[in-house]
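Hi there,

Here is the structure I promised to pass on to you. Please open it alongside this email and have a look around before reading on.

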Amino acid sequence: MRRPRPQDRLESSRKITRRGLILAAGQLGVMGVLGFRMRYMQVDQADEFRLLAEENRVNIRLIPPARGEIFDRNGRILARNEQTYRIVMVREDAGDVDAVIARLSRLVELDPDELEKAMTEMKRSAPFLPITLADRVAWEDISRVAVNAPALPGVTPEVGFSRVYPLAADLAHVVGYVGPVSDYDLNRIEDPDQLLRIPRFQIGKVGIEAKMESQLRGKAGARRLEVNATGRVMRELSRREGLEGANLQLTIDHRLQNYVQARLGEDSASAVVIDCETGDLLALASSPSFDPNLFVSGISVADYKGLTENPYRPLAAKSVQGAYPPGSTFKMVTALAALESGLIKPDDTQYCPGYLEVSDRRFHCWKRGGHGHVDLEQSLRESCDVYYYELALEIGIERISEMARRLGIGVRHDIPLSAVAQGLAPTKAWKQQVRGEDWLIGDSVNSAIGQGFVLASPMQLAVMTARIATGRAVSPRIIKSIDAVEQPSGAGASLGLNENNLRQVRKAMFQVSNNRRGTAYSNRIAEDTMRMAGKTGTSQVRNITAAERARGVSSNDQLPWDRRDHALFVDFAPYDAPRIAVAVVVEHGGGGSTTAAPIARDVTLQALYGDDPPLSAYPSKDRGRIRAQQERLRELRPPEDVNGKSRA
Amino acid sequence: MSYLEYSVQATPSGFRKILYLNWPLALLLTAVACVGFLMLYSVAGGSFSPWSEAQIKRFLIGFSLMITVAMVPIWFWRNVSGVAYLGALAMLLAVEFFGAIGMGAQRWIDLGFVRLQPSELMKVTLVMLLAAYYDWLPLRRVSHPLWVAVPVLIILAPTALVLGQPDLGTAILLMAGGGAMMFFAGVHWAYFAAVLAAAGGLVTAVFQSRGTDWQMLQDYQFRRIDTFLDPSNDPLGAGYHITQSKIALGSGGWTGRGFMQGTQSRLNFLPEKHTDFIFTTLAEEFGFVGAGALLVLYALIIAFCLHSALTNASRYGSLVTLGMAMTFFLFFAVNMSMVMGLAPVVGVPLPLVSYGGSAMVVLLIGFGVAQSAHVHRPRSRR
């Protein structure tokens, strides 16, 4: 081995020392940079990174609030939340999924479609997420699953809430129904609540459920969950309970509603009972009806088709959505308009020869031979048309329409129901604007008897009658209280009509029902303290040609159903101290006195007595028929509320 | 230098050598390893299995090997340097060719208690061979181009093989470590300046090559570089590692969330939390104080090595000690830069802390050689 020279060793040692120190300095520099970087990230930027870490780790899950329940005016529950059970499965706990499902299907009947959907969902989602295998499972099935739990790994029963309408069809049109949130709903609502994004979350679709959605829904609670990188929940960090939806109490009396609904039967008809003083809607019936519970769990295509293709339109809430020519029930409006104008006195008579010629057009009275000389009282009692044609010519359409709006026709009443009809009280300006045509004198003549352009919903007719009965601007109300907070009553200020004029009209209406010559005499109330004052109406839905009139107007029985006249009746009772007003419309029902008036009398009595009225309230010849009818309808009554759940 | 230089009287012999070990260095290494055990225990959710226990066993084996190597006189290691280098190179070739055929894409050889990566072994043997080379080479020839070419080849041969695996991290470590050895030995400045300039050119060329037929890096390596340059670009894909790592590190604050309270690592947001990214867990749970303390421990290890090297009159001993210190430094500097977003993710473990057998055992063997140099350093007779 060669030995290095000493000066080499010294040189080497010096060089190594120098170079070593240089690199050491470099290393120190790098470590300094690392240290500063650490300090910068961990001290200066710590808050920012903490926030990011928190976002990583914390997942917020909403807790759906309990939806507010709906009660009738007496505390009977109309819409409640019922516990439902569903069977869910966690894939990673199940192990052999197919074997477990095979065992499960021997215990519980599983819908193959739903199962297939669940299987595809299961393949897509993380193994620890629960997948619903069966929804709305009966309690017996749940208990079978619970007993066999050891043989069914990963399968657990879960509790959820579902909306139930115990009175089913009785209040379908008022309360409405809920259903799962659709894309349409999401697009419609601005700034939708996060809750709506929850799968299977239900919102009101129609009726009060829809219109009072914001009160009923409540506020979502939230759970802050710690999740790991794959989304698995590790633990619950905190929990903020939501706010339950508000409970609503309606003005509807469920027993009366049930009666009215049953009394309308399967006709395409509607009826409204309103409290004359407060405007409370005691019954708001529309027939035929449907079972809203069908919609909650998703209605089958066949059922839905059956509802939409039915010519009687069961889904429509005709009592508020229907707009009909009011026919002769509108005559009170014309009469009051004429009296208030001062141009007509109650005793003034018009001559009715059975028709009136106006600008080369012949307008007929319903009575071919005419009524002869007619004053106000007789004109209403016998429903003379020509009398009102003359009034229209004298006072003009503007006065009539103005009075119609004062009495609640052609104005929108603010009640939380879907598609509330505004009706129409036509004016010259309206026709010019909408139709682009001039107002014709014939239009006024038609309007005077509630034909032509005039439209009113049954509810508006009830409001009109209540206003005539009280002389005050009663407005309808359907929400009695929200979470036990009483809502403003519908009792209004005085309409400012001359009390004498009103008395004249009421007296004439009394005669309609109680005078031997009145159009509704056969449907009078026999009980003196309960006497009603009413008005029949028969509104045409077609034009009667001169040729037809010549050979004799076809009677309704000879016409196809949808060409027949609408039958209407409005009344208030008792005459001396009005408590309720009623409006009944039977679509294409024929005559108001024969079809609508009997229904209205039954409904009126039922409302006044709060139960089946004594037979003595009916004229003696009707009692046998009424007794049978009462027995039949009693069968349809809902069972008493066994839960005794009366709060509001 | 040879054993003839040593004064037999002044050099410890037999078991007395143990007393002459660089004990502060050994204790510092043990302290760092203990930090590793603690963190592995934490990321396993408070459990010694699966990582901490295995890591302790490997450390004990590695520590014993270090003592054993330190007991063997340094001239033996100097004389076997070339053989060790060739052996490591042969193993690299073996995994390169037979590995590709017989063992899939494995980069390691199973030795039973540890899976040995030849590339790890190469880091130590390269330092040893270069130290031996410059010990042999007269100082005046060090900067002669011919004598510069030899170590360049010695460095490039394993680097090329490792790059072919492909393992960019180790390749960088080998190049930088070898280059540092040449620098310590006194090669002229101009060479380093030239190499740095050339490297700059090469980097440009590499980027230019992207997407062409003569592309020099794999696509995934390019993506890692992209991710490094802008991690927010792809926060859930390639940028996920670095983004989550920075979040964990940054959320530690001054004193951290506390032992076993690191949400990022415990909830699996951190990738590779027990290997390359273990530093982030430390930083999250113990904050700036804990992370800084580890950096200080590392700095002390470097400092003790430097002191040992500079007080060693033996050229081989100084060079090999400096080389080991440099290799160790490169390990943790690259790893920390990577997790703090200062360097691209290149797959370099945190020395003595990250879970992984071969890196730790080989590093401890390397420190064993440095210890041997310390124990057997020439002592002047007084």
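Below is what I found, one topic at a time. Please keep in mind that this is a predicted model.

**Where the two chains meet**

Let's start with the contact between the chains. On one side are 44 residues of chain B, and they are in contact with 36 residues of chain A. On the chain B side, the elements giving two or more residues are α6 (168-185), α9 (240-250), α10 (263-266), α11 (278-310) and α12 (315-339) of chain B. Which of them gives the most? That is α11(B), with 11 residues. By class, the side of chain B that touches chain A has 29 nonpolar, 13 polar and 2 charged residues.

**Two nonpolar cores**

In soluble globular proteins, nonpolar side chains tend to be buried together. The largest nonpolar core here has 130 residues, and the members that touch the most others are Ala271(A), Val273(A), Val582(A) and Val584(A).

**A covered helix in chain A**

Next, find helix α20 of chain A, residues 441-448. Is this helix mostly covered or mostly open? It is mostly covered, with 6 of its 8 residues buried. The buried ones are Asp443(A), Ser444(A), Val445(A), Asn446(A), Ser447(A) and Ala448(A). Their cover includes the helices α15 (331-341), α17 (385-395) and α18 (397-406) of chain A, along with the strands β14 (355-358) and β15 (361-364) of chain A. Just after α20(A) comes Gly450(A), which has a positive phi of about 70 degrees.

**A helix pair in chain B**

Last, turn to helix α1 (residues 23-43) and helix α2 (residues 52-71) of chain B. Their axes are 8 Å apart, and the two helices pack at an angle of about 160 degrees. Angles over 145 degrees count as roughly antiparallel, so that is how α1(B) and α2(B) lie to each other. Their crossing is right-handed. From α1(B), the contact uses Ala33(B), Gly36(B), Phe37(B), Leu40(B) and Tyr41(B), while α2(B) brings Ser52(B), Gln55(B), Ile56(B) and Phe59(B). Sorted by class, this contact has 6 nonpolar and 3 polar residues, and no charged ones.

Enjoy exploring!

Best wishes

Note on methods:
Residues are numbered from 1 along each chain as its sequence is written. Chains are lettered from A and ligands numbered from 1 in the order in which they are written. This is a predicted model: local features need pLDDT of at least 70, side-chain atom pairs count only at pLDDT 80 or more; totals for chains, interfaces and linings use all residues. Two residues are in contact if their C-beta atoms, placed from the backbone, lie within 7 Å. Helices (H or I, at least four residues) and strands (E, at least two) are DSSP runs, numbered from the N terminus. Ala, Val, Leu, Ile, Met, Phe, Trp, Tyr, Cys and Pro count as nonpolar, Asp, Glu, Lys and Arg as charged, and the others, Gly among them, as polar. A residue is buried if 20 or more other C-beta atoms lie within 10 Å of its own, exposed if 12 or fewer, and partly exposed in between; C-beta atoms are placed from the backbone. A nonpolar core is a set of buried Ala, Val, Leu, Ile, Met, Phe, Trp, Tyr and Cys residues joined through C-beta atoms within 7 Å. Axes are lines fitted to C-alpha atoms, for helices over the stretch in contact, and angles run from 0 to 180 degrees between N-to-C directions. Angles under 35 degrees count as roughly parallel, over 145 as roughly antiparallel, 65 to 115 as roughly perpendicular and the rest as oblique. A crossing is left-handed if the near helix is turned anticlockwise from the far one by less than a right angle, and right-handed if clockwise.
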